[in-house]
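Visitor: I am new to protein structures and would like to learn how to read one. Could you walk me through it?

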Amino acid sequence: MKQIKTFLLSAICLLNALALHACSDSPTDGPPPEEKDEIRMPRKEFRAAWVATVGRMDWPANTSDTEAQRAQYIRYLDTFVEYNLNAVVMQIRPTADAFYESALEPWSEYITGTRGQSPGYDVMQFLIDETHKRGLEFHAWMNPFRISNSAGSFTPTPGYPGEDRPEWKMRYGNLLMYRPAIPEARQHLLDVIEDLITRYDVDGIHFDDYFYPYPQAGVEIDDAEDFRIYGQDYTNVEDFRRGNVNTMIEDIHQLVVRVRPDILFGISPYAAWRHRSQDPNGSETSGISNYDDLYADIRLWCEKGWIDYVTPQLYASTQNIALNFIHLCDWWPANSFDVPVLIGYGLYKFGNPREGDIFMKPEELETQFFYARKQEKVTGAMLFNGTAFTANRIDILATLRKVYGNQSLIPFMGRKTVAEPSTPAHVQTDGGVLRWQAGNGDLRYAVYQIEDQQAQLLEITRDVSFQLPGKGRYAVSAVNKDQVESRLSEVVTYP
């Protein structure tokens, strides 16, 4: 009996050992199956350039030659593609005007030289088509309240709702603007946005830092009567002004969610929300602030989820004291709640001696990007401005090429409005061409090369094939209109 027990015990131990060996060892006839989850994916980034049209800062340089206008914009786009950008933030309502035929606002003077004069082509459709043709997103940059920077010489264009209502307007120095307190004036802005986003395939609505005017010495905001009529719920005019802007931002958020939930609504504010000397939640900064001077409570908008991203304009250097880049690059992600942060870079400052010695050193831009990318919540950048790309002072684009060495997908930042994409199937190589089966819906495909378990993005395409650059291991994912990416396909080897 003792011998039988010993035999059984030995047999059980042998079976356990064989089972453990089978689980832990790879088959003798080849390597183990590849675990795709171990592949490290590249960082996704929103990479945009601002193209300003107020005063024809960046575009168009010519108001009489439409072909020259088109050619200039296309040159911008081709440059942006060359340097691996993936979006354009185009100013299409600089001064309560339109870059398209509208019953609500007149044609912009910056296109033809005359407010209300048609250029003879649909500027907006041209801009969007050429941008999308190159795989870039088009974000419509609008100024909510500004009507003119030359109030003394401004002449209204009859026949448009805002132009025919002088009681909606106020003057601040030489600035003419809509009164943020007037409900009808705010509704006019909502009507303009709804008209735009229902007629044109924009990818987003974008506001910059202009809300109430930047303060000027000796100039007061003319809103005492507005406060008397509309300010019953406020104990002071400062909170009243912030309340007017808050209402506008919330209303736009609700409009976008209701009418075009597939697009983004974002803000690029002045660098400082509020200073710590004024508020324990503020930043270690000084000077003017969004909250106290422009009456824009950006932090509240993030907390409430009224905006889909925030792009603080961090144009000061890493050595600046009043608006230090590094400090603010820490502060914004810590105070944006669940809202992604994009960094606004002052590309225009580089190579300009008047901006100080530090902006004569391309390494400063590289340092800024390096620091920003350490922040998990920083999901991209906007670069000001288009002209800085064409000027390319101190060869700053060489630094940008290092920073943006490869293409990048845009991260998901908004709302899920379409089905999530399926993983591309039947991925195979065919004589140096990578092929896969098309998925359902409006999809693009990201082609990756895999080396040492690190994926490098080679191409973003709508095709279902890609000419391989050479030997290697490759995989594909699908990306839908919401910027949601599927799981990576099986990895295939060529040859």
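Guide: Gladly! Helices (H or I, at least four residues) and strands (E, at least two) are DSSP runs, numbered from the N terminus. This is a predicted model, where local features need pLDDT of at least 70, side-chain atom pairs count only at pLDDT 80 or more, and totals for chains, interfaces and linings use all residues. Residues are numbered from 1 along each chain as its sequence is written, and side-chain values use heavy atoms, with hydrogens and water left out.

Visitor: How many helices and strands are in the protein chain?

Guide: The protein chain has 13 helices and 18 strands. Its C-alpha trace spans about 110 × 55 × 50 Å along the principal axes.

Visitor: What percentage of the residues count as buried?

Guide: Buried means under 20% relative accessible area, exposed over 50%, and partly exposed in between (1.4 Å probe, protein chains only). Here 53% of the 495 residues are buried. Strand 17, residues 472-479, is mostly covered, with seven of its eight residues buried.

Visitor: Which strands pair with strand 17?

Guide: Two strands pair if DSSP finds at least two bridges between them. Strand 14 (residues 444-451) runs antiparallel to strand 17, and seven bridges join them. In that pairing, Tyr448 stands opposite Ala475. Strand 18 (residues 492-494) is also antiparallel to strand 17, over three bridges. There, Arg473 has Thr493 as its bridge partner.

Visitor: Where are the cis peptide bonds?

Guide: First the general idea: most residues other than glycine have a negative phi, and most peptide bonds are trans. In this model, a cis bond joins Trp59 and Pro60, with omega about -10°. Pro60 sits in the loop between strand 1 (46-51) and helix 2 (66-82). Another cis bond, with omega about -5°, joins Tyr494 and Pro495. Pro495 belongs to the segment after strand 18.

Visitor: Which residues have a positive phi although they are not glycine?

Guide: Phe337 is one of them, with a phi of about 55°. You will find Phe337 in the loop between helix 10 (325-335) and strand 10 (341-345). Asp452 also has a positive phi of about 55°, and its place is the loop between strand 14 and strand 15 (454-461).
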